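Here is a short briefing to read alongside your model. Have the sequence and the 3D view open as you go.

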Number of protein chains: 2
Amino acid sequence: MEDGTSKSLGHCGDTDDDYDVLQWDTREDCEVRQILDRIADKWSLLVIALLDQRSLRFTELRRKIDGISQRMLARTLRHLERDGLVSRTVHPVVPPRVDYELTPLGASLHHTVRALVTWTEKHQNEIAVARSAYDVRVVVEQEAAEKEAVRREAMARGVLAGGR
Amino acid sequence: MEDGTSKSLGHCGDTDDDYDVLQWDTREDCEVRQILDRIADKWSLLVIALLDQRSLRFTELRRKIDGISQRMLARTLRHLERDGLVSRTVHPVVPPRVDYELTPLGASLHHTVRALVTWTEKHQNEIAVARSAYDVRVVVEQEAAEKEAVRREAMARGVLAGGR
DNA sequence: CAGTATCCGCTACGATACTG
DNA sequence: CAGTATCGTAGCGGATACTG
């Protein structure tokens, strides 16, 4: 619907008095943030990765991406098209046929996306281990806290009893 | 939600009759998808990128990340901690001091995150151009469609008038 | 300072129905 | 087939208040 791209800026990285080595602006309205949020959303990564293999039709994408609704696929594709990452080709035949493929810009992104996916695949076991370790720690700490509470209460009662 | 299928996972990439070169499972419940969604969310990328510079305290992070609420920062940090990407160190002093830093695992991710950010910075102008081009196209097409509609209506009325 | 707890609005998203 | 339009809902995320 609306779209707040009224900002003229071209590079928004060097303003605050308090910034340091960070090479990238963290401000909310920064264009980089916006683009990043768009690219790194739930479906875009999937679509980009799939389209790198070859161009695909709407329904092919739909079938390949488990759990996506037409709505979200259409939305995602339009966003990617708008950002110039994906091109849309309508073949005037019946039944209608629409092909999606990565633009050169999109293809250049894919290299990075692939790296991210590869990293995730490579480390998913470590992450799984870390998660269970964390979950165990939380439970243990909770139990310890409960015992501590009981102990204190008992002590307080002891003091009370002694003071009478 | 439900998950009735007894998957022989361990590696979940090769089941359907219709799969191709894609090296990564697109299914919703796949662990890779879940991890990706977590890493690539609105704040995680920021936090990881910031922590690569040096370890930071809670409030330092809060101040550096424009627009984040305590709630989201705490949430994000706990998620990252749970996934073993960030370590949390409590210094028992007053006032309390808590340092966050990347674990080796988190540091290895950062390399990839950095690549993503760099790509975005590099191509933000191209994307901006693509966007305005797209927006113009949409407006033009809309206007054309409206004129077409008017034309047809006029023709229809003409036919009606002639047929009377 | 470094959080957690509570409330709550907004919108992202899915399900469904309809169009060219 | 390739979408758009409409509606209902769940949960993301912000604001505020409270704790250790």
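Gln70(A) places a polar side-chain atom 3.1 Å from a base oxygen of DNA strand D, a polar contact (a pair of N or O atoms within 3.5 Å). This is a predicted model, in which local features need pLDDT of at least 70 and side-chain atom pairs count only at pLDDT 80 or more, while totals for chains, interfaces and linings use all residues. Residues are numbered from 1 along each chain as its sequence is written, chains are lettered from A in the order in which they are written, and side-chain values use heavy atoms, leaving out hydrogens and water.

**Around DNA strand D**
- Ser69(B) has a polar side-chain atom 3.0 Å from a phosphate oxygen of DNA strand D.
- In total, 22 residues surround DNA strand D, each with a heavy atom within 4 Å of it; Arg78(A) and Arg71(B) are among the closest.

**Helix 1 of chain B**
- In this helix (residues 31-39; a DSSP run of H or I, at least four residues), the buried residues (under 20% relative accessible area, 1.4 Å probe, protein chains only) are Val32(B), Arg33(B), Ile35(B), Leu36(B) and Ile39(B).
- Those buried residues fall within an arc of 165° seen down the helix axis, so they line one face of the helix; the arc uses directions from the axis to the C-beta atoms.

**Contacts of Leu61(B)**
- Beyond neighbours within four places in sequence, Leu61(B) is in contact (heavy atoms within 4.5 Å) with residues including Leu50(B), Leu73(B) and Tyr100(B).

Note on methods
A polar contact is a pair of N or O atoms within 3.5 Å; within protein, one must be able to donate a hydrogen and the other to accept it, and residues adjacent in sequence count only if both atoms are side-chain atoms. Buried means under 20% relative accessible area, exposed over 50%, partly exposed in between (1.4 Å probe, protein chains only). Helices (H or I, at least four residues) and strands (E, at least two) are DSSP runs, numbered from the N terminus.
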